[in-house]
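Subject: Structure for you to look through

Hello,

I am handing over the structure we spoke about, and below it you will find my notes on what was found. Please read them slowly, with the model open beside you.

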Amino acid sequence: MLHITVDGQPRECEPGTLLHALETLGISVPALCHDSRMTPVGACRACIVEVDGCGRPVAACTQPVTDGMVVHTRSPMVEAQRKVLLRLLASEYPAEAVARQPDKPFHRALREYGLEDELRGAHPPELRDDSHPYIHVDMSQCIHCYRCVRICDEVQGQFVWRVWNRGADTRILPDGPSLAKSSCVSCGACVDSCPSGALEDRTLRDRGWPEAWTRTTCPYCGVGCEMDVGTRGGRIVTVRPSREGPSNRGHLCSKGRYAFGFGEAPDRVTVPMLREDGGWRRASWDEALDFVATRLRRLREAHGPDALAMLGSARATNEENYLAQKLARVVLGTNNVDCCARVCHAPSAAALKAMLGTGAATNSFEDVEHARTLLVAGSNTTECHPVVGARIKQAALRGAKLIVIDSRRTELARYADVHLQPRAGTDVPLLNALAHVVVTEGLTDEAYLRERVDAVEDFRAFIRDWTPERAARLCGVDAEAIRRAARLYATHGPSMMVHGLGMTEHVQGTESVMTLVNLALLTGNLGKPGTGVNPMRGQNNVQGSAHMGCEPGHLTGYAPLEANRARFEAAWGEPLPSSAGMDLMAMMDAAHEGRLKALWAFGYDVLLTNPTARTTREALERLDLVVVQDLFLTETARACGHVFLPASTSFEKDGTFMNGERRVQRVRRALAPVGESLPDWEILCRAARALGHPEGFSFQSPEEVWDEVRRVWPAGAGLSYARLEAGGLQWPCPDETHPGTRVLHTHGFAGGPRAALRRIDYTPSPEARTEERPFVLVTGRRLYQFNAGTMTMRTPHAALQPEDWLDMAPADAERLGLEDGVRVRVRSRHGEAVLRVRRAEGVRPGELFTTFHTPEVFINAVIGPQQDGYTRTPEYKVTAVQVERAESRQGGT
Ligand SMILES: Nc1nc2c(c(=O)[nH]1)N[C@H]1C(S)=C(S)[C@@H](COP(=O)(O)OP(=O)(O)OC[C@H]3O[C@@H](n4cnc5c(=O)[nH]c(N)nc54)[C@H](O)[C@@H]3O)O[C@H]1N2
Ligand SMILES: Nc1nc2c(c(=O)[nH]1)N[C@H]1C(S)=C(S)[C@@H](COP(=O)(O)OP(=O)(O)OC[C@H]3O[C@@H](n4cnc5c(=O)[nH]c(N)nc54)[C@H](O)[C@@H]3O)O[C@H]1N2
Ligand SMILES: [Mo]
């Protein structure tokens, strides 16, 4: 603690900048160019203060505070200088802006210094740019603080805003003819930082300033950004990043920041509905739930409990997923419960569990800043987890080494020291070759291997044959590049791995992740800050959905079913079903064969997102009962639903999500449920009652559900709502004094003191290219749309990315004579789809890339039935296809 005197008062503060000290003491001085998310520059001089002993006023934002400092924030001299400065800015500032947005920091300063009558600025329309769907630009209100320029550079790393000219002619413009046609990624950071009216959210201009703010967690991806939701008159008017959020630290991506309007979509379903005569008719809640209960009971009596199945929702809360699996197990009487971790990172969980004892990310996003080398494998982090992607980009810009293993040249690949671009589906040979280099060049961490790793000699013998040259032939990469990557990872530690679906959605998905774990073990890059193996989990709560027990073989806490049966039977006071239960893929097979009769799809558009769409559709059509519990009529509901139960969005309910770094964070209600929709936890409790089983489902609030979760999940027992109020916590957190766990496996592993290396041989995908099908189709996602597109497509994001298109290497497009924008038919052995083609430099010749965001294209019609050998995760990343023009050269089809 430092002792200082401020305006005659003795005060105590932490070391840091003087402005920060004043802010924490609650003493305000105007600051125009300052934002704590960026390096202080001391340029605007609005925050000048007098410090005894300094001959001249100093900028508080760059001045370090020292013990004994005597500071005057309001001396006549600084007040006069500030007023001169503000007056100069006021003389060129338009008056109406201030009236419209009184809360902007610059506008507040003008008011405070009584300068509102001196606003003389013109409002020339040529300084406006309304091209962007979310951001209103009016540079007549620019006060040249350069916060937009700096936050875009220093936080997002996008470098969109540029300074042109000098002095009075200075203009700040995007790097394109308009903001919409620039390289902007719509994260809104510039708007969030802008202290004047130059950059503003269009929603705020249209809907007015918020009347209330609610802190909650983003409903999109597994990064788990904390955000403040501004509401007015029952609508969201803006969303701002929370500076306290541990994974986002004052930043958001375009989806969290702007794609909040889906809840207001005109086609949101807000009343229960029943299918009748091929159409839908409105029903009351009692009628709909009664229908569900009667049908389920009848089907169970006729076919047994294992003819029923439940899919949990990676989009809903932990509490709701807990209830879903409990309902399946103790009310329906089946372990047929799964969630979309199955089609996503189940291989990561399985590999990590098998090798290290805990099936979750070993480290935290914070470790990105502690790593000296980052290895990003099969993760398009800047598009799919943009806030972490931006942190990785910033780390690389600051000098951290970056290795990217991706079959495409992603944005991060452009920042990489080494980019290995393997043929899709060849990561096992590639990672084996990296391990070979580490072993044969003596780059292993021998002390770590001695103390903590088994099967070392066996592995050394196995890996000898995996030379870089051998891998190079299989993967289509340069052997020398493999050596460089291995040396960098092994010698320039701490080294941290981040991986995505490029590793998991393959026939060798689990084994690909195991090869990552091998490499981390060999080099001792585990159990320390800045290291680890870290799956970038997909949806906001996919980690939580599986962890709460929405997996046939796991109970709450990822507890293996058989080993924990007795404990849960005691806790729930009910017997658990005796049969093993089916995963999603087995459910689809069983439905197809007529063994499964009913499916409850809770927050999951299984028809659009499962592979082999034709067989999925046939399977679903054969079911006697499909219950869809969602916000919208999904493809599943449209094609095969019998009952629709309208759920509330996560802006309309309380609960918790679990992010990809094991952090449990609060979700808080910012709006009332729309129409007759109900939060999922209420729907599930009511359904249990309708099924004649109220015992164990009489919860009055999500907190009561959570307290039950904490009782059955020892590693989560310390995560009370009271504690989460102050911010999220990472499990393991066994009691209420435990601070939570940032890094796993610091001493020993969850499974014991030692981990073992694994021999992993290469099994090529059966989906090999042939003469007839000369391309490999890789599917994934892009920045502006999210998965099934149900939410993002119902916001102005639809304009930012209206369709799924096919990326093709320019040489291939040239050879096939396909111009950009032409529609092509992509045909596999399993089905076909039609979409537009675009040349993309980042795609390997012979490979293609597209997304699964729209039912118009329905790319999953093309994807085949191959699966990962351990978890049955579909091989979405490799399909052999042919491509042909779908329309004549004259146009038309
Ligand atoms: N904008 C946006 N963000 C999202 C989502 C979204 O739909 N849109 N979805 C969320 C969900 S559910 C998930 S699971 C995550 C997924 O996040 P990611 O895993 O990052 O997403 P993908 O695009 O599926 O695939 C990642 C990368 O794998 C590469 N790849 C494909 N095949 C191979 C291969 O064989 N080897 C290697 N090394 N690389 C390969 C692809 O080129 C791609 O760049 O994103 C989440 N975030
Ligand atoms: N070709 C191809 N297909 C893929 C993939 C791929 O890479 N390629 N990736 C796969 C992956 S990783 C995933 S995770 C899946 C994703 O597949 P899904 O899980 O089906 O996709 P999502 O869009 O995340 O949304 C699920 C549903 O949840 C609803 N929802 C949102 N919030 C709530 C809520 O609070 N309550 C309720 N009840 N419903 C809510 C949404 O409206 C949406 O219909 O797709 C898979 N499919
Ligand atoms: Mo996912």
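Where is A455 found? Please keep in mind as you look that this is a predicted model. A455 sits in the loop between strand 21 (453-454) and helix 17 (456-463), and its phi is near 65 degrees, which is a positive value in a residue other than glycine. Most residues other than glycine have a negative phi, and most peptide bonds are trans. With a relative accessibility of 34%, A455 counts as partly exposed.

A second residue of this kind is D7, which is not a glycine and yet has a positive phi of about 50 degrees. D7 belongs to the loop between strand 1 (2-6) and strand 2 (9-13), and with a relative accessible area of 37% D7 is partly exposed.

The bond from G493 to P494 is cis, with omega near 0 degrees, and P494 lies in the loop that runs between helix 19 (479-491) and strand 22 (495-499). W731 and P732 are likewise joined by a cis peptide bond, with omega about 0 degrees, and here P732 is in the loop between strand 31 (729-730) and strand 32 (755-756).

Ligand 1 is surrounded by 33 residues, of which the closest are D406, G425, D427, Q785 and N787. By class, this shell is made up of nine nonpolar, 16 polar and eight charged residues, and at least three residues are drawn from each of domain 3 (348-535) and domain 4 (775-885). Taken alone, ligand 1 exposes 910 Å², and the protein buries 99% of that. Helix 12 (381-384), helix 20 (501-504) and strand 33 (775-780) are the elements that give two or more residues to the shell around ligand 1.

Around ligand 2 there are 33 residues, and the closest are D605, T609, D630, D680 and N860. The shell of ligand 2 holds 15 nonpolar, 10 polar and eight charged residues. Why does ligand 2 lie between domain 2 (273-344 + 541-730) and domain 4 (775-885)? Both domains give residues to the shell around ligand 2, so ligand 2 lies between them. A polar side-chain atom of N860 is 2.8 Å from a nitrogen atom of ligand 2, and an N or O atom in the side chain of T779 is 2.9 Å from a nitrogen atom of this ligand. Taken alone, ligand 2 exposes 920 Å², of which the protein buries 99%.

Just after helix 28, G692 takes a positive phi of about 75 degrees.

Lastly, an unreviewed UniProt entry carries the annotation "domain: 4Fe-4S Mo/W bis-MGD-type" for residues 211-267. In the model this span is 9% helix and 35% strand, and its end C-alpha atoms lie 27 Å apart.

How values were computed: Residues numbered from 1 in each chain as written. Chains lettered and ligands numbered in written order. Predicted model: local features only at pLDDT ≥ 70, side-chain atom pairs only at ≥ 80, totals over all residues. Heavy atoms only, no water. Near = heavy atom within 4 Å. Areas by Shrake-Rupley, 256 points an atom, 1.4 Å probe, with all protein chains shown as cover. Helix = DSSP H or I, 4+ residues; strand = E, 2+ residues; numbered from the N terminus. Nonpolar A, V, L, I, M, F, W, Y, C, P; charged D, E, K, R; others polar. Domains from an automatic or database assignment. Polar contact = N/O pair within 3.5 Å; in protein donor to acceptor, adjacent residues only side chain to side chain. UniProt positions renumbered as here; feature names shortened; annotations may be inferred. Buried < 20%, exposed > 50% of the residue type's maximum accessible area, 1.4 Å probe, protein only.
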